[in-house]
Amino acid sequence: MRTGLCRRWSLAVLLCAALSPLALNAATLRVGDGATDLKTIQAAVDAAAVGDTIIVSPGTYSGSGNWDINLQGKVLTIQGANPLDPNTVERTVIDCAGTPQQPHRAFYVVDCNSIVISGLTITHGLASAGGAVYCHRSTLDVMYCRILDNATLPGGDEDANGGPGGGLYCEDAVVQIVGCLVRGNTAGGGAPSKEGKGGAGGNGGGISSVNSDISVISSTVSGNTAGAGGDSSKGTAGNGGDGGGICGDTVRMADSTVSLNAAGAGGQGALCGRGGRGGGLYADTATLDRCILEANRAGDEGQPSADATEVRGSGAGDGGGLCSNLLDISSGLITGNRAGRGYVADPAGWVDHGNGGGIWCASGAVRQCTIVGNAVYQPASRPDVNDPSTGGKGSGLFCTANVVVANSILYANAPDQIAGQDCNNVVYCDIQPAQCPSGGNKAEDPMFVRNGGWVDARDPNVAVGPDDPNAVWVQGDYHLKVTSPLIDAGDPNYVPEESELDLDGHPRRMDAAIDMGAYESSALVPVYRFWSPVTGKHFYTISEAEKDKLINQYASVWTFEGPAYYAYLRASDPNLLPVYRFWSQKLSSHFYTMNEAEKDKLIRQYPDIWAFEGAKFYAYPEGKQPAGTRAVYRFWSETLGGHFYTIREAEKDKLINQYADTWAFEGVAWYAYATLGPEPVDPNAAVYEFRGGVLETACKLTLKAFIDGKEAKIDKPEVTYTPDSSLLTMTVNLPGLTTTLNEFLVETAFLQQEVKIGGDGDGTAEIPIVLSSNVLFAGRMARGPFGIDPNTLTFPTTASGALPGNNESFTIGGSVTVDGSKLDVGLVARATQFATGGPGVFDTSLLPDVLAAHLDGTFQWSCRDQQNLLLETTVKGSVLQIYVSSAEIQTTGVWQGREKR
C-alpha cells in the first residue's frame, strides 16, 4: 500500500505541473517588477484569464489589493519569481497586517479548480477561519511557500468557538501542500462564559480541514498551536482544539516533519474542558510514510475554576504526537511527544491523564517505526497509590488490539512502552522494558547512535523527568549502530513493496531481513585512509578501534585523511566479495585484494613477504556493481614499494597524467560508494522509459585504414547507421525541477556498405571491402541530476561535459568481406566523452499517460581521435588494418515516455 500511495502522490504532483499554465504556454502577468501597470496581486487576478500565471516579484506586498485576494473561481497559478530558491521565497512576502479590528488574510479560494500558489511567504494574517488561506469547494496546490505567524480570531458573541486553521483552512476541498514551511500559526481560543458553555478552541493551529482530502508532502509543520477552550466559572468549559499542527478528517503525509506543535488546553470551569487531542496531528483517517513527529504535546485538561462548588473533569488530550481513529504509518520516527495532563480527580480519586504519549489510534497498522522518549503524565492526586492505571497509559503507543504493530522499536518511553494491546498483533518489535515476549519480539537496547532526552529548559545540562514543568526535549540520532541487535531482526518473511524506502530514503531490506525501526542499515561503513610522511605509504581500515589507535597513539607516524569511501562490514548482498588484507614487514606496507587467485598465490608462494590478515571488508567486483557505486582504482609504485587505492577520478587522472614514472595504474580493484550509501530516492520522482526508433537516435562511425603501416585513402570513411531500437530511462522530478539520466541503450540495424581503400595514385593497390555491421551502444552510468527550467520545462539548464565511465561503450559487430573472404569482426570501444548538447524539453500535456521529451542532441557520447582496431588481415601480400577512429551517438527527435511500474 505504501508504494502505491507514494506513487499516487507523485502522479498528483506531476499532474499539477502538467496542468500548470506555464506548461501550456498561457499568458504570464507580472506584479511588482516596475514594467507593468499591475500594482497589486488582486489587479493581476482581475486582469487574468483562466489558465494564466501571475508572477510576483520579490518585495513586501501589503494593503488593499494585496490581502483578501479573491481568485474569482479562475484557474490560476500565482507564484514568486523563483519558487525553488529559498532566499527568493523569503523575500517575496504578503504581509496581511491583520488585527482584531481589521482582520485580513492573503487568499480567498472559493469554487476554484486547479489553483496553484507557489513560492510566497504569507504572514500576519488574521481571520475567522484560515488565517493565511481560506479554501472552500476548490482544488488547491500550495507549493514551496512559507506560512508564518498567522492566526484566527477567538470566539465571540456570534460564535463562541475559536476560529480553525491558524494558517490554512479548507472545507469540501482537495489540497496538496508540497515543500512548505507552516510555522508559528495559532488557532483562536474559545469564548468564556460565566454560567453557560465556554466555546471550544479552534482546531488545527497550522492547518485545519473539514470534509476534505489533505496531502502534505516534503513539508515542515512546526511551532503551531490549536486554540484553548473557553472558561466557564459555573458551567461547562470549552474543550481545547484538536491538532496543534494539523487537524483533518482525511490526511496523507510523506517525507514531512511535524514538531513542537501543541493542541489546545481545556477551559477552566465547574465541568473542566477536555484537552485537545493530537499534539502534532489529529485525523479521523491518517496515512503517513517516512515522517517525523517530534516534541509535540496534546492539550492539558482544564483546571477547576476558583468559585466552582462541584467540580467534574472531561480528561486530558490523547496522542501527543498524533491521534487517529484509522491509522497507517510506516517508517516513522515518533519521539519526545507528550500526552495531555489531567487535573480533576473522579470520585475514586483518579485523574484522567491523556493516553498515547507518541501515538493514540483505534485501528490500523504501525510498521517500521521508531517510537522513543515519549511520555504520559503520572498520578497527581494519589501519589501514595502505586497503581499504573491511575496515570496515562501507552507512553509510546496506545492502540487497540485492532492495530498491527510490526518491525518497530518502542524504547525509553516513560513510564510504559505500549498499552491497549493484547500482544497478538505485535510482531518482530523491540519493546524494552520487555512486553509481548512472543511473536519474534525482542527486549534489548537498540544501540542508537545517540539518545535524546528531557532536560531543564533553564539549564540544558540538567536532565529532568518529562512531568517537570520546565522539561524540554533534546533531539537524538536514532540510526542503529552497526553493532545493534536490531539489524536484520525484523520479520524474515517481510517482502518490501517495490521502491519501498526507509526514513532516509534508502531501500528497505538491504540485508538478510528487514531491520526494526524507521531506518534501514546496509552495514555500510567508512573505509578510513591514513598517510604516513615517514614511509610515504597509505593505510586503509574499516575498524574504528584501529582508526582511533593510530590517531591517539601514532599521530607522529600516521596522518588521518578521513573516509576514503564506504564499503560493507558484512556480505549483506550476494554480489559482495571480501577484500583481503596482507601486511609486509619487509616493505612496511599493506596490500588489499578481492582477487581469490591473487590472495591464494601470496599465501602459498610468498608467506615470507606477505602475512595474511583475513577479510577486512566487503565490496563489489567489476561487472556486478549496482547503480550509485564508483570504481576504486589500484596503483603500484616500484619506487615506494607499496600500493595506493582511490575512488576519486581526479586523483586517479592526476597520477596517470603527472606521476606515471612513480605510479603504475593497475585498473579497477573493486567498486564502493563515494558517500554514505546509495543516493536517496526522491518520493516525488518517477522513473520513465522513453523508447525511440529510426528518428530518435543518430549514430555514426568514422573509419581509418593503413596498408603496410601507411595511412591509406578511404572513399567512404563515414558510416551512418539506422537505429533499430532505442531505450532511454530517466528519473523525472517535475516538482523538484530535476531529471537524471539513468541509462541509454541503442541497437542499430545491420548496414552493408561497400568501401574502397587505397589506390588513387598513392602507390597502393585499391582494395574493395564490404562492411556488414551493426552497433550496440550501452550507457549505464547515471548522469545528473540536471535542472529543469520552471518556465519552459527545458533541461539541462546549463550545458555540461564529462568523462564517461567504463560502462558506456560502443560494440561494433558483424563481418568484413575482403578479397572474397568473409572475416568476423567484434570491437568494444569505450566512449571518451559525454556532453549535453541542445536543450531537451518536457511536454506534459499528455500526462498521466505519456511524458514526452524533445531531445535534439541533448545527450551525446563520442569516442574521437582514437585508433580502435576493427580488423587486421593480409591481402595480396600487404597488411591491411582498419580502425574505428571515431564513434558518435546522440539523441534526436521526440521520445515518448511512460512511467516504469
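Here are some questions and answers about the predicted model shown above.

Local features need pLDDT of at least 70, side-chain atom pairs count only at pLDDT 80 or more, and totals for chains, interfaces and linings use all residues. Residues are numbered from 1 along each chain as its sequence is written, and side-chain values use heavy atoms, with hydrogens and water left out.

Visitor: How many helices and strands does the chain have?
Guide: Helices (H or I, at least four residues) and strands (E, at least two) are DSSP runs, numbered from the N terminus. By that count the chain has 70 strands, and its helices number six.

Visitor: What share of the 901 residues is buried?
Guide: Buried means under 20% relative accessible area, exposed over 50%, and partly exposed in between (1.4 Å probe, protein chains only). Of the 901 residues in the chain, the buried ones make up 54%.

Visitor: Where is D430, and which side chain of opposite charge is nearest to it?
Guide: D430 sits in strand β36, residues 430-432. Lys and Arg count as positive, Asp and Glu as negative; His and the chain ends are not counted. D430 is buried and has no salt bridge, meaning a side-chain nitrogen of Lys or Arg within 4 Å of a carboxyl oxygen of Asp or Glu. The nearest side chain of opposite charge is 7.0 Å away, and belongs to K442.

Visitor: Which backbone nitrogen does the side chain of D430 reach?
Guide: Contact means heavy atoms within 4.5 Å. Not counting residues up to four places away in sequence, D430 touches several residues, including K442, A443 and P446. Its side chain reaches a backbone nitrogen at 2.8 Å, that of E444.

Visitor: Why are the buried residues of α6 on the same side?
Guide: In helix α6, residues 649-658, the buried residues are E651, K652 and L655. They share one side of α6 because they cover an arc around the axis of only 100°. The arc is that of the directions from the helix axis to the C-beta atoms.

Visitor: Which exposed residues does the opposite face of α6 carry?
Guide: The buried residues of α6 have cover that includes β42, β48, β49 and β50. The face turned away from the buried side carries exposed residues: A650, N657 and Q658.

Visitor: Is D819 buried or exposed?
Guide: D819 lies in the loop between β62 (808-818) and β63 (821-830). Not counting residues up to four places away in sequence, D819 touches P768, V875 and K876. With a relative accessible area of 52%, D819 is exposed.

Technical notes:
Polar contact = N/O pair within 3.5 Å; in protein donor to acceptor, adjacent residues only side chain to side chain.
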